[in-house]
Amino acid sequence: MLDLKAQHESISVELGEAIKRVMESQQFILGPEVKELEREIAEYCQVRYAVGCASGSDALLLSLMALGVGEGDEVITTPFTFFATAGSIARLGAVPVFVDIEPGSFNVDPGLVERAVSSKTRAIMPVHLFGQCANMGPIIKLASEYGLAIIEDAAQALGSSYMGRRAGGLGSVAAFSFYPSKNLGGAGDGGIITTDDLEIAESLRALRAHGARKKYFHETVGINSRLDSLQAAILRVKLPYLDEWAGGRRRNAELYRTLFAESGALESGNIVLPVEEEWGEHVYNQFVVRCRDRDSLREYLKENGIGTEIYYPLALHLQQCFDYLGIESG
């Protein structure tokens, strides 16, 4: 569905120079390229710290670990997202508590979050799905009242904003992905975590390196999740272009809206377009529509050379691996 060649060709010379720089340095794990990317991402997200890691999935897992989430704890999140959101919670023996979404934005409904809070709740994990921030105001207020941490799953939303604040600086900690299809994509897996909390940042740096702040001396059991220097160098080339590319995505989204309106599809009710909320910039990692006869439309588009994808065909609370939660459809 996604052709990355055009983007690559526009910056291929810069990318080649960056890759050559790393190859000549022979520093492939962490190192100066990662440190510089961490500094640049922190500045971009308007936060104090950023910590690189091996993937967006690990960014979520490490965030939970740094906050001390573990066996039997509950984390409130959405069932309509990529699997890593809830998977990271379950991997630590914690319990994902699913709250329904708003039909317009596809993001978690903040009005339902408080009902899900219990004595076991440790954190709220809103997802900024498809490149638009969740309605964070009520969530931040609720978290403050109950003493809960907020973990932003911002994997699809680097550059988006809420009330003038960038995604990544709206909670206790935030997780981003550099998977190639993301707005800022690498040449493989990669991720980064942002925070304003020095203690969390230092914990993350240790946890990504098997729990060691000093080599061979392990304070806790962490994981091996270090960002490659090659990925960091590539991402550093792309980062200065990110806002320009996001502007292009927004222009494309506006064109889609115009063409859908002119086609008459909106009047018939067969197509429902995504809602763009007033509180911030949407970066459109995807432009997701709802339609009555989805499969027929998808087949028609395929026949006409237009790629599509279903996001997501089965909500997380209905996945087989979460049968133990005892949640039924409807």
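Is Cys133 buried or exposed, and what is its relative accessible area? In this predicted model, Cys133 is buried, with a relative accessible area of 1%; buried denotes under 20% relative accessible area, exposed over 50%, and partly exposed the range in between, with a 1.4 Å probe and protein chains only. Residues are numbered from 1 along each chain as its sequence is written. Because the model is predicted, local features require pLDDT of at least 70 and side-chain atom pairs count only at pLDDT 80 or more, whereas totals for chains, interfaces and linings use all residues, and side-chain values use heavy atoms, with hydrogens and water left out.

A search of the whole structure returned 0 disulfides, a disulfide being a pair of cysteine sulfur atoms within 2.5 Å. Cys133 accordingly takes part in no disulfide, and the nearest cysteine sulfur, that of Cys45, is 10 Å away. Cys291, by comparison, is partly exposed, with a relative accessible area of 23%.

The chain contains 12 helices and 13 strands, assigned as DSSP runs numbered from the N terminus (helices H or I, at least four residues; strands E, at least two). For 330 residues, a compact globule would have a radius of gyration near 20 Å, and the value for the chain, 20 Å, agrees; the radius is taken over C-alpha atoms, and the globule rule is 2.2 Å times the number of residues to the power 0.38. The C-alpha trace spans about 65 × 55 × 35 Å along its principal axes. Of the 330 residues, 51% count as buried. Among contacts (heavy atoms within 4.5 Å) between residues at least 6 apart in sequence, 65% join residues at least 24 apart.

Helix H5 is mostly covered, with 6 of its 8 residues buried. These buried residues are Ala84, Thr85, Ala86, Gly87, Ser88 and Ile89. They pack against helix H4 (56-66), E2, strand E3 (95-98), E4 and strand E5 (149-153). Just after H5, a positive phi of about 80° is found at Gly93.

Aromatic pairs number 14 in a search of the whole structure. Rings of Phe, Tyr and Trp (its six-membered ring) pair if their centres lie within 6.5 Å; planes under 30 degrees apart count as stacked, over 60 as edge-to-face and the rest as tilted. The ring centres of Phe80 and Phe130 are 6.2 Å apart and their planes stand at 80°, so this pair is edge-to-face. It links distant parts of the chain, 50 residues apart: Phe80 lies in the loop between strand E2 (74-77) and helix H5 (84-91), and Phe130 in the loop between strand E4 (121-125) and helix H7 (136-146). A tilted pair is formed by Phe322 and Tyr324, at 6.2 Å centre to centre and 55° between the planes. Here Phe322 is buried, at 2%, whereas Tyr324 is exposed, at 52%. One aromatic cluster comprises Phe80, Phe106, Phe130, Tyr311 and Tyr312.

Charged side chains also lie over aromatic rings, the criterion being NZ of Lys or CZ of Arg within 6 Å of the ring centre and within 35 degrees of the ring normal. Arg166 lies over the face of Tyr44, at 4.0 Å from the ring centre. The charged end of Lys214 sits over the ring of Phe217, 5.0 Å from its centre.
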